[in-house]
Every structure is written in C-alpha cells, then in structure tokens.
Amino acid sequence: MSGFCGRCGRALSTEPAHVDCAAALELEPPRYCTQCGRRMKVQVVPTGWSATCVEHGALSS
Amino acid sequence: MTDILEFARAQVLDRGVGLDEVAVLEILRLPDERIADALQLAHEVRMRWCGPEVEVEGIVSLKTGGCPEDCHFCSQSGLFSSPVRAVWLDIPSLVEAAKQTAATGATEFCIVAAVRGPDARLMAQMREGVQAIKEAVDINVAASLGMLTQEQVDELVEMGVHRYNHNLETCRTYFPNVVTTHSWEERWGTLKMVRDSGMEVCCGGILGLGETVEQRAEFAVQLAELDPHEVPLNFLNPRPGTPLEDQPVLDPKDALRAIAAFRLAMPRTIIRYAGGREITLGDLGTRDGLLGGVNAVIVGNYLTTLGRPATQDLELLAELKMPVKALSATL
Ligand code: SF4
Ligand SMILES: [Zn+2]
Ligand SMILES: [Zn+2]
C-alpha cells in the first residue's frame, strides 16, 4: 500500500481512511505523490491529466 | 397580482425581453414545487430565441497556478496554501488538446492562463500556440488571460482569437468580498475593450460564493446589461487551501432556480454549463440544465479539476435530440 494520500498529502498510516479524499479524487487529479507526499506538478487537459513528482517521476490518467 | 411565470411567459417567451432584477429575484425565490415549471419555461425560451443547438467547448490551462491575484474561490492563486503548483503547457501538448477537443465534435477551444493579465512571454506563447492550432485543427480559438491592455486586445484579434472570456464572477456589490487585488470595474473595463474590438464577449461567474439571492439577481441583470455572447455558469467547487474551502456547495434546487432565472434574464445569450455542475447537481443535473435553459457545455476536464467524460454529455445530447452546433462555414 502506498504511504501518502494523493489528495491531502498526509500519511495514510496516521489517518487511514481518507474516505472523503478518495471520493474527491473521482473528480480531481492527485496533487501529492503517494510515495513521498511531495506536491506534484499537475497538468489537466480536456481528456486526461498528468502529474510529476521530482523524486518519483510521472503518473497520468 | 400576476403570477411571475405567467408574466415571464408573456414578456420573455413571447416578446424576447429579459426579466428585470425584481422579476429575476422572484424566480430565484420560487417554492420547490414550481422549479420544474420555471425550468420548462426557460427551456421554451431557449428553444424559441436560441434554437435547439448546443455549443460544445473544451478548455485547457496554458499556464496553471502561481497567480498573483486573490480570488477567494481559486486554487490557482499563489497567495493561498493550495496544493496546485505552477506549471506551463508546451505548444505540442496544447495542439494535441485542441485536436482531442475537436474530435469530440466541439467547435470551441478556450486557452486559459492563471494571470492578472498577460506578460510578453504569455503573449508570445499565445501567438505561437494559436497559429499552431489553426494549422492543425478546425476549431474556433477563444482565450481567457485576465485583464488586457488595448494593445493586447488588438494583438489577440490579429492572432485570430474569436472570443474572449473574462468573468465578472459575481455581482458588483459582492465582488469586494471575493476579490481584493483588483476591482469589478477593472474587469468591466477589459470587457468593454473586448466588445469594441469585435471579439465575442464571454462573461459569467460562479454561483454559491456566499452571495445572497438578491445579489444573485443583481448579477443576472448586470450580465444582461453587458449583453455578452456567452455566459458560462459555474457553481462553487470549494477548493482545499482557499478562503472558501469550507463554503457549503450550493443547494441543487437553488442551482436549478438560478439556471432558469439567468435564462429568463437573457433569452438570446449562450448559457454554458461550466465548472462545478457535477459536484452541485450530480449526473442528473446536466440533463435538468439542458432542459432548463442551458444551451452550451464544457466537455471533458476543467482547468484543475476533472469533469465527466465528453462521451456522456454527447450521448445525452443525442438522446435529447439536441444537435451539436457546427463550425460556421465562414471560419
Ligand atoms: S485572476 Fe484568475 S487565476 Fe488568478 S486568482 Fe483570480 S480566478 Fe484565479
Ligand atoms: Zn487524504
Ligand atoms: Zn514522490
């Protein structure tokens, strides 16, 4: 399991549920890297999005 | 006393004259059981004065985040602790986004930048980007780059930008509660320059910023006075880290009242469903709006948040027998 919440950036271990965050992520891209919790650079385009962590590289939809 | 919907039927549907502020307020205060009738009337007004076509648009952020302004709803302001980081879209990706937008059948592609107004770098990117899009794709290009100088207005016209978006966001009396780094009047000034340039004016705002219903009525008539070609209607989607992050989402019934009221204030204007419709009205809301006065949609994703897939909206339009507006032959 990844260590950080992609929406709020907090550690999942301290606050395991993040139910609202998970629901919100249906209508927004992740803003934080789930591996290290850093804020990512995110680009949304009409048909998708991409997100990049300086340390862990790119993710996209 | 005449019933407000009867009054609106005679004035707006039959004569094409928009409601004034007092009458708009009455629509915004209709009891729940009359909302369906108001939407039905708004739909008839739209069909009579605009027709059945729906204008489909895609939008993309050319420069995201790091804006020096403080619009309290905006996750792209650099003044709040929002998780949105500054990022620029490169030209090939911009052209690709325009191609994908055109592939949905959309005729409008709006390039947006989170800025107070454009600087030389942004204008250069626009020049290169608009030209590259025009060489690769058949689509109308619109722009939203904040407040403009007269020279910038002229430059955009020359690039072939056909419509300019600049939202007043909310009514004049409430604006200072939402934005303190520039004034409603400054925005109005840009809109006037755009209007005089011959570009189409696109101007709307966001409902649910904490404004009263009276202020919502004020906003509707201020937009009607501006008489824009298009009014995008957004509903606040409270963003983490912004001053409005804890503002409750607008009651869906109030959102529907507002849709009907704005159509009855502006019978001939393109009224576009923009951001926040999914979170405020759910999946059914798109149908209710399209049958209640709305005649344009933004399809796909927004600038920093995601929308439902374009195919869902296009299938709905087919089901409602509402043709997607075609590119005009004069393009
Ligand atoms: S000017 Fe535009 S990008 Fe900047 S804070 Fe206001 S709404 Fe956001
Ligand atoms: Zn979370
Ligand atoms: Zn990382």
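**Close-up views of a predicted model**

**View 1. The zinc ion (ligand 3) and its donor residues.** In sequence, the residues that donate to the zinc ion (ligand 3) follow the spacing C-x2-C-x16-C-x2-H. Please keep in mind, here and in the other views, that this is a predicted model. The protein donors are A:Cys33 (SG), A:Cys36 (SG), A:Cys53 (SG) and A:His56 (ND1), and they lie 2.1 to 2.3 Å from the ion. Around the zinc ion (ligand 3), the four donor atoms subtend angles of 104 to 115 degrees, so the arrangement is tetrahedral. A:Cys36 sits in the loop between H1 and E1 of chain A while A:Cys53 belongs to strand E2 of chain A, so this pair ties together parts that are 17 residues apart in sequence. As for accessibility, A:Cys36 is partly exposed, with a relative accessible area of 22%, and A:Cys53 counts as buried at 2%.

**View 2. The zinc ion (ligand 2) and its donor residues.** Here the protein donors are A:Cys5 (SG), A:Cys8 (SG), A:His18 (ND1) and A:Cys21 (SG), found 2.0 to 2.4 Å from the zinc ion (ligand 2). Along the chain these donors are spaced C-x2-C-x9-H-x2-C. A:Cys8, in the segment before helix H1 (19-24) of chain A, and A:Cys21, in helix H1 of chain A, are 13 residues apart, and the pair links distant parts of the chain. The site of the zinc ion (ligand 2) is tetrahedral, with angles of 102 to 119 degrees among its four donor atoms. A:Cys21 has 12% relative accessibility, and because buried means under 20%, this residue counts as buried.

**View 3. The three-stranded sheet of chain A.** Look here for an open sheet with the strand order E1-E2-E3 and antiparallel pairing. E1 and strand E3 (57-60) of chain A stand at the edges with a single partner strand each, so one side of each has no neighbour in the sheet. On average, and ignoring direction, neighbouring strands of this sheet are turned by 15 degrees against each other. Strand E2 (residues 48-53) of chain A pairs with E3(A) in the antiparallel sense over four bridges. To find your way around, note that A:Thr52 stands opposite A:Ala58 in E3(A).

**View 4. A:Gln43 and its contacts in both chains.** A:Gln43 is part of strand E1 (residues 41-45) of chain A and counts as buried, at 7% relative accessibility. Leaving aside neighbours within four places in sequence, A:Gln43 is in contact with A:Gly48, A:Trp49 and A:Ser50, and also with B:Val60, B:Ser61, B:Thr64, B:Val87, B:Trp88 and B:Leu89. A polar atom of the A:Gln43 side chain lies 3.1 Å from the backbone oxygen of B:Ser61. The C-alpha atoms of A:Gln43 and A:Pro29 are separated by 8.9 Å, with the two residues 14 residues apart along the chain.

**View 5. A:Glu28 and B:Arg239.** A:Glu28 is found in the loop between H1 and E1 of chain A, and at 8% relative accessibility this residue counts as buried. The side chains of A:Glu28 and B:Arg239 are joined by a polar contact of 2.8 Å. Apart from neighbours within four places in sequence, A:Glu28 is in contact with A:Arg7, B:Arg239, B:Thr305 and B:Leu306.

**View 6. Helix H2 of chain B and its packing partners.** The buried residues of helix H2 (residues 21-28) of chain B are B:Ala23, B:Val24, B:Leu25, B:Ile27 and B:Leu28. These buried residues pack against three helices of chain B, namely helix H1 (4-14), helix H9 (213-226) and helix H10 (252-265).

Note on methods
Residues numbered from 1 in each chain as written. Chains lettered and ligands numbered in written order. Predicted model: local features only at pLDDT ≥ 70, side-chain atom pairs only at ≥ 80, totals over all residues. Heavy atoms only, no water. Donors = N, O, S within 2.8 Å, 3.2 Å for Na, K, Ca; no water. Tetrahedral: all angles 85-135°; square planar, octahedral: opposite > 155°, others 65-115°. Helix = DSSP H or I, 4+ residues; strand = E, 2+ residues; numbered from the N terminus. Buried < 20%, exposed > 50% of the residue type's maximum accessible area, 1.4 Å probe, protein only. Contact = heavy atoms within 4.5 Å. Polar contact = N/O pair within 3.5 Å; in protein donor to acceptor, adjacent residues only side chain to side chain. Pairing = 2+ DSSP bridges. Axes fitted to C-alpha atoms, helices over the stretch in contact; angles between N-to-C directions.
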